[in-house]
Structures are given as C-alpha cells and as structure tokens.
Amino acid sequence: MIFFSWRMCLVKLVCFIYEIGEISLTVKLFFQIFLLKVDKMATLIHTLADHSDDVNYCAFSSSCLATCSLDKTIRVYSLNNFTELPYSPLRGHTYAVHCCCFSPSGHVLASCSTDGTTVVWDTHDGRMLAVLEQPSGSPVRICRFSPESTYLVSGAADGSVVLWNMQSLKLYRSGNVKDGSLVACAFSPNGNFFVTGSSCGDLTLWDDKMRCLYNEKAHDLGVTCCDISSQPISDGEHGFRYFQMASCGQDNQIKLWLILFADFLGVELKYKCTLNGHSAPVLACAFSYDGQMLVSGSVDKCVIIYETSTGNTLHTLSQHTRYVTTCAFAPHSPLLATGSMDKTVNIWQFDLKHPCAGNTVENESKVAVEDWSEDDVSAWLCAQDLADFVGLFKMNNIDGKELLNLTKESLTNELKIESLGLRSKVLQKIEELRRKTISVPVTVPDEFLCPITRELMKDPVIAADGYSYEKEAMENWISNKRRSSPMTNLPLPSLMLTPNRTLKMAISRWLETQQKHS
C-alpha cells in the first residue's frame, strides 16, 4: 500500500511540475522512466529448455506445471522453483504428445498422442494409471477433464470424440464431429456441457450425455484452440448469466462468444467480438482464472494479452524465436506459461496490480512500423526492455520511420548514446524489427505437411490409402505393426510406399519461392 501511495504522489508531483515547467530535462526523463518501470506488467522469470523437440502444450495445477512435446515425453515441474519432479519426464507414448491437462484437484494428469491413446498418470509418483485407447485408433489431438473430474474428453484426428468415466476408467459415450479433425475442447465451469473445435472451422456444443446441442461455423480456415472462462458474466439486460468463450483459428483471428445454457431456452451461442493483432494463424488461447485477461499465441511468434472486458491489448511478448503453440495461466498465482516450436517454455510473472495497457505497443503487424507514432516507439522500447531510452527518443521525436533509419553513427552523434554495449543492444533490436517488416510469417500449405508428424515433408511417399506421408514417419508407423491408415483408420490393402515425386518437386518450388521473398 505504501508503494501505491508513493506512486500516486509521484504522478501528481510530475503532473504539477510539468504544468509549471520548472524541471530539468534530466529529472523529467527520470520520472518518465520510473513510471514506466513500475507499470511493467509481465516479467520473464524462467525459461525451461528440457524438451528436445517442439513444445505442443503446457498446463498448470495449483502446484505444478506440465509440458509435452513432439519428443514423446511429458515433463512436470514444481512451481516453487521450476525444478523437475523426481519422476519426470513421463515416458509411455510411442509418438508425439499433443496435449496434457491436470484434473481439477491436480492429483491426476492426462496426456494424449499420435499413437492413438490417452494416458492417465498419478501426479504424486508418476505412475501410469490407465491407457485409454481411442476406439478408432486415430491420433488423439486434445484431452480435457470435466470440472468435477467425473469425465475426461479425448478428441482425435478422425473427428471422433470420447467421454471417459474417470471412476471406472472406461468409455462412457462417444460421438463424431461432422467434418475435419477434432483439435480443441473446453468444459463449461458447471460441467453441464463442453465445446469442441474442428479443423474444418466448426464449434460444436455437447451436453454431458454426448448429445450435440449446437453447431456454429466459427473460423473459415479451421479452429485451433478454444477456452471457456471460469467466471460467468451477466448480460445486464435480462439478468441471464453467460459463459464467455474464446476461439482462435487459422484465419489469424480470436473470437469471443457468449454461451447461454438454460433448461427453458436450450443453448444459445452469441458472437461478441473479434480480437485482432496477430499477423498469422493463432494456435492457442486461454483465459486467466478471473476471466479478466485472455492470452494468445501465434505463428507470428508473438504472445498477446488482452483485456476481455474491452478487447484492448495489454501486452505483447515476443521472446520466442519460432511459432508459439501453447499458453496457459496458473489458476491461483500470477504466472503465465508460453510454449513454442523453439523447444522452450517461458514462465512470466504478472504484477496484476499494475496493468500496462498504456505502455505496450500494438502488434507490429496491425500498424506498419514506418507508420508508428512516437508513443508506439515508446511502447516498443518498453517491450524490448529498453525503457531507459523512452525519454531520449521522445525528446528527439523518433517515430517509426526515424526508428528504422537509425544507424550506429546517429545513435552516437545525434542521440549521444556513449555506451558501446547499449548502442549495440539498440541496433540489434532495430535490426530484428527491420527483418520482421520484410518477412511476414508464412503458413505452410497443409498438403505439404505429413499427416503423422505435421511437419514439412522432405521425402513424401504415397501409401495404399492414397494419402502422402513423410517416408520415415510412415515406415515407423508400419514397423510398429500398424496395418491401418493413419488418416482413415481403415486396413491398408498393401504396405507398399511409392515416392511422390510430383509433391516433392512442388515442395521444393515452394521453398525456393519463400527464400526469394525473404
């Protein structure tokens, strides 16, 4: 409380002195830097780099963080010091692990994989409690516990969705989405219904008996993730209590929805708004525990934090060097985890009492850098941990165009930055910004991705099911005595693999085009 008092006093003091003009430039700069620093919202406190391949998902319990990866493992960390628990990593899947989630109590962890299984683990000692095989054997993309831990949902690449009874660890109900792979799932806080998202762009609402209640075309190019806030909101008009849901997709957008679930009205899904800011497909989204913030991660390598009540951008984090695949808020502590194809998980700590909505740059793709205002440049400096230069840049009227034209000489002679180390740091950040302005993140055409690994194919082959796969991935699939198609789950009439030279040439031409553009 003393901090707040001092801060408010400083704010009033600065405003008063600015009004009368009786202050030196040095003191003005000091106060600007101080106020920016105390407003800083997210601090990177730890980076986990234990996975040997892309990080696919991360999830919190009240005391642990779990992460999973293409490297077939799940790792579990203590939130006290971010050290791995003695039984970590968990090994049991034979292919990439796509998703992991804790039960509400945190006593159980579930993980799902391309191997067609969902594995249930005891978080006390890492014991494998059950292996739940998807009836179709299709790769399982998503898993989620119900709020009371009564059920566990698993969704697969063939569109099948299974509701498992967690007491008996047996299949309770199953169903299928109309088209596409099932890639996203979220339960309502009361457990009365859950939502699934598919690669064809549909959001489907189900009740706890696996009856389809509602279907909505949400994202033209496919849904990638969805989440439902644990805090219901009122519409303020009829007194109805709505559940707030977020969905994101390959169309670069995040959409907010309101879900009304009432016995006398049935289910109503209302579109609320679209949150823009990302310049490439959005792969993950998650609400904070109190529902006041929404975080998203994207192919553009950025993490954006929004205020849900206004849709305003609160912060943009750009520390990952490859696609951001997952993000999650901790339930009872001010922590955020973001995972990426760069094989790392970043842990951020929030100063929730000091949101930085006024001090963060709008996403670089939303406004071209050369069109940035001086305030946009100030926000960018803060995001790059260069807040000490805000006053100096403002004094010299550095806008976006001027920023991109800064050189070693102008930093030395015009801005009078004497420290070689600081000049180098500023130049490095500006050079990174220049590269971003000329290299827009590219989405790999889906037909160039192996259906098993979801990676760009180097040596594509055609299997007897008519689909093309990466040769090594399909050979591994067959060597594990699998005789069914990874795509259709139907028996393969032959194990012959034929080189797809046409596709290989098309991928080569596409890569050459990308290199020319970059």
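Modeller: Two strands are said to pair if DSSP finds at least two bridges between them. The model before us is a predicted one, and this rule is where our reading of it begins.

Biologist: What makes strand 4 and strand 5 a pair?

Modeller: Two bridges join strand 4, residues 73-78, to strand 5.

Biologist: Which residue of strand 5 is the bridge partner of Ile74?

Modeller: The bridge partner of Ile74 in strand 5 is Leu90.

Biologist: In what order do the strands of this open sheet stand?

Modeller: The sheet has four strands in the order 2-3-4-5, with antiparallel pairing. Strand 2 (55-60) and strand 5 (90-91) each have a single partner strand, so they stand at the edges and one side of each lacks a neighbour in the sheet.

Biologist: Why is Ser61 called buried?

Modeller: The relative accessibility of Ser61 is 6%. Buried means under 20%, so the residue meets the condition. Apart from neighbours within four places in sequence, Ser61 is in contact with Leu79, Phe102, Gly106 and Pro331.

Biologist: How do you know that the side chains of Arg75 and Glu84 meet in a salt bridge?

Modeller: Nitrogen and oxygen are 2.9 Å apart in this case. The limit for a salt bridge is 4 Å, so the value qualifies.

Biologist: How many salt bridges does a search of the whole structure find?

Modeller: The search finds five. Among them is that of Arg127 with Asp125, in which the closest N and O atoms are 2.8 Å apart. Arg127, with a relative accessible area of 44%, is partly exposed, and Asp125 is partly exposed at 38%.

Biologist: What makes the contact of Asp208 with Lys209 a salt bridge?

Modeller: The closest N and O atoms of Asp208 and Lys209 are 3.5 Å apart. That value is within 4 Å, so the pair is counted. Asp208 is partly exposed at 24% relative accessibility, and Lys209 is partly exposed at 36%. Elsewhere, salt bridges that share partners join Asp122, Asp125 and Arg127 into one network.

Biologist: How many disulfides does the rule give?

Modeller: The count is zero. Cys68 is in no disulfide, and the nearest cysteine sulfur, that of Cys100, is 3.9 Å away. Cys68 has 0% relative accessibility and counts as buried. Cys273, at 23%, counts as partly exposed.

Biologist: How do you know that the buried residues of helix 8 line one face of the helix?

Modeller: The buried residues of helix 8, which spans residues 471-479, are Ala473, Met474, Trp477 and Ile478. Seen down the helix axis, they fall within an arc of 135°, so they line one face. The face turned away from this buried side carries the exposed residues Glu472 and Ser479. Strand 31 (468-470) is included in what covers the buried residues.

Biologist: Why is strand 18 said to be largely enclosed by the rest of the structure?

Modeller: Six of the six residues of strand 18, residues 223-228, are buried, so the description applies. Five bridges join strand 18 to strand 20, residues 241-249, and the two run antiparallel. At least two bridges are needed for a pair, so these strands are paired. Asp227 stands opposite Ala246 in strand 20.

Biologist: How many helices and strands are there in the protein?

Modeller: The protein has nine helices and 32 strands. Of its 518 residues, 53% are buried. The protein exposes about 23900 Å², of which carbon and sulfur atoms supply 52%.

Conventions:
Residues are numbered from 1 along each chain as its sequence is written. This is a predicted model: local features need pLDDT of at least 70, side-chain atom pairs count only at pLDDT 80 or more; totals for chains, interfaces and linings use all residues. Side-chain values use heavy atoms; hydrogens and water are left out. Buried means under 20% relative accessible area, exposed over 50%, partly exposed in between (1.4 Å probe, protein chains only). Accessible areas come from the Shrake-Rupley method with a 1.4 Å probe; for residues, only the protein chains shown count as cover. The arc is that of the directions from the helix axis to the C-beta atoms. Contact means heavy atoms within 4.5 Å. A disulfide is a pair of cysteine sulfur atoms within 2.5 Å.
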